[in-house]
Amino acid sequence: MRKSKIAKAEKLKTKFLRSLADNRKPKFATKVFNLCSVCWRTRWYIGKFDLCRICIREKANAWELPGVRKSSW
């Protein structure tokens, strides 16, 4: 299931970008979605890091994201 999900997302993304390059409004702009680059999760995607919130939290706790630190008070 994961491979089909990735293939579908890539197909929709390329179709969307192609329509933007042709200066046309995409037919279904809401169907284009981003995927986390680690776990392929679609929800809570944060584009700055290309990760979902869960992966950001794991990487921030492991000091793998430069300039990001988990706050606690």
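Me: Is Asp 50 buried, exposed or partly exposed?

Reply: A residue is called buried under 20% relative accessible area, exposed over 50% and partly exposed in between, with a 1.4 Å probe and protein chains only. Asp 50 has a relative accessible area of 33%, so Asp 50 is partly exposed. The model is predicted: local features need pLDDT of at least 70, side-chain atom pairs count only at pLDDT 80 or more, and totals for chains, interfaces and linings use all residues. Residues are numbered from 1 along each chain as its sequence is written, and side-chain values use heavy atoms, with hydrogens and water left out.

Me: What pattern does the chain follow along the sequence?

Reply: Helices (H or I, at least four residues) and strands (E, at least two) are DSSP runs, numbered from the N terminus. Two helices and two strands are present, and their order along the sequence is α-β-β-α.

Me: Which residues form the largest nonpolar core?

Reply: In soluble globular proteins, nonpolar side chains tend to be buried together. A nonpolar core is a set of buried Ala, Val, Leu, Ile, Met, Phe, Trp, Tyr and Cys residues joined through side-chain atoms within 4.5 Å. Here the largest such core has six residues, namely Cys 36, Leu 51, Cys 52, Cys 55, Ile 56 and Leu 65. At least two of the core residues come from each of strand 2 (51–52) and helix 2 (53–61).

Me: How many disulfides does a search of the whole structure find?

Reply: A disulfide is a covalent bond between the sulfur atoms of two cysteines. The criterion applied is a pair of cysteine sulfur atoms within 2.5 Å. The search finds zero disulfides. For Cys 36, the nearest cysteine sulfur is that of Cys 55, 3.6 Å away.

Me: Which residues does Cys 52 touch beyond its sequence neighbours?

Reply: A contact means heavy atoms within 4.5 Å. Leaving out residues up to four places away in sequence, Cys 52 touches Cys 36, Cys 39, Arg 41, Arg 43, Trp 44 and Tyr 45. Arg 41 lies in the loop between helix 1 (2–21) and strand 1 (45–46), and is partly exposed at 25% relative accessibility. With the sequence neighbours up to four places away again left out, the residues that Arg 41 touches include Asn 34, Leu 35 and Ile 54. The C-alpha atoms of Arg 41 and Ile 54 are 9.3 Å apart, at 13 residues along the sequence.

Me: Which residue has its charged end over the ring of Trp 44?

Reply: A charge sits over a ring if NZ of Lys or CZ of Arg is within 6 Å of the ring centre and within 35 degrees of the ring normal. The charged end of Arg 53 sits over the ring of Trp 44, 5.5 Å from its centre. Trp 44 is exposed, at 59% relative accessibility, and is found in the loop between helix 1 and strand 1.

Me: What phi do Trp 44 and Asp 50 have?

Reply: Most residues other than glycine have a negative phi. Trp 44 has a positive phi of about 55°, and Asp 50 has a positive phi of about 60°. Asp 50 is located in the loop between strand 1 and strand 2.

Me: Where is Phe 49 found, and which residues does Phe 49 touch?

Reply: Phe 49 is found in the loop between strand 1 and strand 2 and is partly exposed at 27%. Apart from residues up to four places away in sequence, Phe 49 touches Ile 56, Leu 65 and Val 68. The C-alpha atoms of Phe 49 and Leu 65 are separated by 8.8 Å, at 16 residues along the chain.
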